[in-house]
Amino acid sequence: MSLKLCTNVTISDVKMYRCGHFALLATGVDNLTLANVTVDTNRDGFDIDCCRNVRIYGCTVNAPWDDAIVLKSSYALGYVQDTENVTISDCLVSGYDRGSMLDGTFQRYEPQAPDMGFVTGRIKLGTESSGGFRNIAITNCIFERCRGLALETVDGGVLEDIVISNITMRDIVNSPIFLRLGARMRSPERTPVGRMARINISNVNVYNADSRYSCIISGIPGYRIEEVTLSGIRIHYKGGYTAGDGLLVPEENEAAYPEPWMFGTIPACGFFIRHAADIELRDVKLYYDQPDYRPSLWLEDVDGCRLVDYRGWVADGVEPYIVRDGVTGFYPRESRFGNF
């Protein structure tokens with residue numbers, strides 16, 4: 001289904017199977033409601049582009065080869081229009097084999113999406129971001145066998161006033177939380193670099209997450225991600241990386257397509273934070289199936305990172321540590337408070 005420049009649209013109680021490039025592409029739609037829609041498809045599920053006043057609830061989207069629910073703000077209308085005033089609630093997104101969600105077998109044989117990353121199937125803001133994203137609330141959603149939550153603005157748009165809460169994830173194939181402010185700039189000439197600010201992510205449970213990429217909050221030189229609070233976060237990582245991996249320094253890749261693998265193996269087993277300001281990690285607990293000898297936190301060009309009840313159990317006999325601007329420091333296993 002494709003909708004363009006429509007008003008007052010409701011789609012409910014529909015099942016869609018193998019839907020081509022988009023199950024639903026909505027461009028410039030105002031007052032859109034998607035309720036109890038089930039999608040099992042071979043590319044994107046819902047693409048909500050340059051839309052305002054959108055309600056998505058009670059939906060199930062299986063999309064192993066692309067994003068399940070993705071908000072965009074492209075230049076498709078020939079002008080910039082923000083995607084704003086959007087709620088996504090009580091949804092399940094996943095990356096099971098195509099068709100196996102609808103038939104109830106939930107198969108896991110297909111490992112790859114077309115971009116040669118592992119299965120996709122997530123909720124994402126971006127990549128298309130000539131316009132911005134404002135007033136977005138995501139709550140009570142489940143991620144299964146897919147990539148993690150991604151917030152991205154790389155084409156000049158402003159991403160701000162985002163609230164995400166009550167999320168549970170299982171079998172996550174890259175970063176559970178990925179925030180990227182970049183400069184791909186697929187927008188009209190002279191468009192300035194965008195901004196990312198005022199983001200609150202709370203009450204997130206993650207089990208069996210791939211450890212290669214950890215969680216990432218990364219701007220670019222001269223452009224910081226600002227005012228981000230993560231609270232009530234529980235992440236069970238697979239672990240298994242070495243102290244040598246902790247010495248890596250990822251390239252900036254300012255203009256690259258935003259995915260966690262753009263940085264290669266991340267030199268942190270918990271959070272990689274670069275070009276950011278006013279970051280708070282509150283009530284964060286990290287666990288590892290195998291010992292991981294990278295620093296728990298890796299920070300560079302960060303103006304204020306506050307830890308309140310931050311705990312990272314790396315391995316027995318291994319003290320969790322932080323690297324900031326190339327300098328190593330240690331913190332107690334149960335850090336009640338710290339400013340960095």
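**Entry 1: salt bridges**

I searched the whole structure and found 30 salt bridges, a salt bridge being a side-chain nitrogen of Lys or Arg within 4 Å of a carboxyl oxygen of Asp or Glu. The model is predicted, so local features need pLDDT of at least 70 and side-chain atom pairs count only at pLDDT 80 or more, while totals for chains, interfaces and linings use all residues. Residues are numbered from 1 along each chain as its sequence is written, and side-chain values use heavy atoms, with hydrogens and water left out.

As background, I noted that side chains of opposite charge can pair when their charged atoms come close.

I looked up arginine 145 and found a salt bridge with aspartate 97, with 3.7 Å between the closest N and O atoms. This pair links distant parts of the chain, 48 residues apart: arginine 145 is in strand 12 (residues 133-146), and aspartate 97 is in the loop between strand 10 (92-94) and strand 11 (123-129). Strands (E, at least two residues) are DSSP runs, numbered from the N terminus.

Are these two partners buried or exposed? Arginine 145 counts as buried at 10% relative accessibility, and aspartate 97 is buried at 4%. Buried means under 20% relative accessible area, exposed over 50%, and partly exposed in between (1.4 Å probe, protein chains only).

I then examined arginine 306, which forms a salt bridge with glutamate 280 at 3.4 Å between the closest N and O atoms. Arginine 306 lies in strand 20 (residues 297-312) and glutamate 280 in strand 19 (residues 271-288), so the pair ties together parts that are 26 residues apart in sequence. Arginine 306 is partly exposed, at 32% relative accessible area, whereas glutamate 280 is buried, at 14%. I also recorded one network, in which salt bridges that share partners join Asp67, Asp115, Arg122, Lys124, Arg147 and Glu259.

**Entry 2: the largest pocket**

I looked up the largest pocket and noted a volume of about 250 Å³. On a 1 Å grid over the protein atoms alone, a pocket is an open set of points with protein on both sides within 12 Å along at least five of seven lines, and lining residues have an atom within 4 Å of a point. Grid points are joined across faces, edges and corners, and the volume is the space filled by probe spheres set on the points.

Which residues lie nearest the centre of the largest pocket? They are Arg43, Asp66, Asp67, Lys124 and Tyr257, from a lining of 20 residues. Strand 11 gives the largest share of this lining, three residues. By class, I found five nonpolar, three polar and 12 charged residues in the lining.

**Entry 3: strand pairing**

I found that strand 12 pairs with strand 14 (residues 158-172) in the parallel sense over 11 bridges; two strands pair if DSSP finds at least two bridges between them. Glutamate 144 stands opposite arginine 170 in strand 14. Strand 14 also pairs with strand 16 (residues 195-209), in the parallel sense over 12 bridges. The bridge partner of methionine 169 is valine 206, in strand 16.

**Entry 4: two single residues**

I located threonine 38 in strand 4 (residues 30-40), where threonine 38 is buried at 13% relative accessible area. Leaving aside neighbours within four places in sequence, threonine 38 is in contact (heavy atoms within 4.5 Å) with Val14, Lys15, Met16, Thr60, Met101 and Leu102.

Leucine 248 lies in the loop between strand 18 (225-237) and strand 19, and counts as partly exposed at 36%.

Methods. Helix = DSSP H or I, 4+ residues; strand = E, 2+ residues; numbered from the N terminus. 1 Å grid on protein atoms, 1.4 Å probe; cavity = no way out; pocket = protein on both sides within 12 Å on 5 of 7 lines; lining within 4 Å. Nonpolar A, V, L, I, M, F, W, Y, C, P; charged D, E, K, R; others polar.
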